[in-house]
Amino acid sequence: DAGKSGYDHYMLKEINEQPTALRECFRGRLDELTGRVKLSELGNLEPNGIVTFVACGTSYHAAMVGTRLLQERGIPAQAFLASEFNLDTVPINPESVVVGVTQSGETADTMRALREANSVGATTVAVTNVVGSSAARETDEVLYIRAGPEISVAATKTFASQQAALTMLATVLSGQRSRELVQELRAVPDQIQSVLDTSSAREIAETYHGSDAYFFIGRGYHYPVALEGALKMKEITYTHAEGFAAGELKHGPLALVSADTPVFAIVTGDGRLAEKTIGNIKEVEARGTPVVAVTDGQSNVERYADHVLEVPASSSVTSSIVANVQLQLVAYWTANQLGRSIDKPRNLAKSVTVE
Ligand code: G6P
């Protein structure tokens, strides 16, 4: 218990450690004057063809973020669940760059995928938290996320640090220089702190902890965060939860919504994606389903939501890192209401070393 620093659970401690973890992730890597990102431990990576990410669980959601970050910068990229990756169906050659995203650096599925990539001479990269882990040892290049030890089985701070590290990696791979992005990244720890200080996630959990199911929707960078919000919820509350691309709601999931299935919608900015997600929210609301909007107040989503979880305004990638913290807190307080074994959920392990 001494290691919990006064928190009831490691998970809550680790959620609260995110500002510190991110400052550590950025330390010495961001140059505000030039807008450059420096990842000195990485060699000269020159992606030729499609950059392929492999990962499992929460790390796969980070890999989806990484994929979009590269695609937006003109570098073709794809993400595979490591268990679904194999050389028979994914053309990998000595020119390829394969990035394994793995907190522990020991996940069997991810290690198998990286070893297969090594076997054909691809350049492999590990994005990991653990110095000296199998992933760190067996890949050509390593990018450490520097989140510090994570004890709770449900990954929290390591996801934020993976998102941050992959944002920096995408910047380096594309040769991008952006003072704006560097400043936005620098602002994330304080933004997370303000969410931690003011979040009403606990009240939301008190209201909805008896629900039949929870749904999470988002577009763009908020889509992997919707998947992650649902994964956190199911891991520690043992209640059915699913994340959807907001636009897919009408293609099936809408049949599931009722007054007992709150929908969490992540909506930031006031652009087209926000507008479209608000359209999806209206469809949900019309069916008497409670809607919780995670928003920066830039759109008029409040008008259609029963509750609001606020995040500071920022660009979509950094706001998705911050929005995720609200969802972590909702999952934590819901599991707390239900009296679950939060740090060690039934049937789950921190690191899965079998395929
Ligand atoms: C396990 C953990 C998850 C984690 C996944 C991948 O299933 O319970 O929280 O996301 O492994 O772990 P990794 O260490 O590869 O990121």
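Helix α3 (residues 57–72) is the top contributor to the shell around the ligand, supplying three residues; helices here are DSSP runs of H or I with at least four residues, strands are runs of E with at least two, and both are numbered from the N terminus. The model is a predicted one, so local features need pLDDT of at least 70 and side-chain atom pairs count only at pLDDT 80 or more, while totals for chains, interfaces and linings use all residues. Residue numbers start from 1 along each chain as its sequence is written.

The ligand has 17 residues around it, and Gly-57, Thr-102, Gln-103, Ser-104 and Thr-107 come nearest (near means a C-beta atom, placed from the backbone, within 6 Å). Sorted by class, the shell holds seven nonpolar, nine polar and one charged residues. Nonpolar covers Ala, Val, Leu, Ile, Met, Phe, Trp, Tyr, Cys and Pro, charged covers Asp, Glu, Lys and Arg, and the others, Gly among them, go down as polar.

Then there is the sheet: five strands, open, parallel in pairing, in the order β9-β8-β10-β11-β12. Pairing takes at least two DSSP bridges between two strands. Because β9 (240–245) and β12 (307–310) sit at the edges with a single partner strand each, one side of each has no neighbour in the sheet. Parallel strands β8 (residues 213–218) and β9 are joined by six bridges, and Tyr-214 has Ala-241 in β9 as its bridge partner.

Helix α10 (residues 272–285) packs on this sheet, touching β8, β10 (263–267) and β11 (291–295). Helix α11 (residues 316–337) also packs on the sheet, against β10, β11 and β12. Contact means C-beta atoms, placed from the backbone, within 7 Å.

Notes. Contact = placed C-beta atoms within 7 Å. Axes fitted to C-alpha atoms, helices over the stretch in contact; angles between N-to-C directions.
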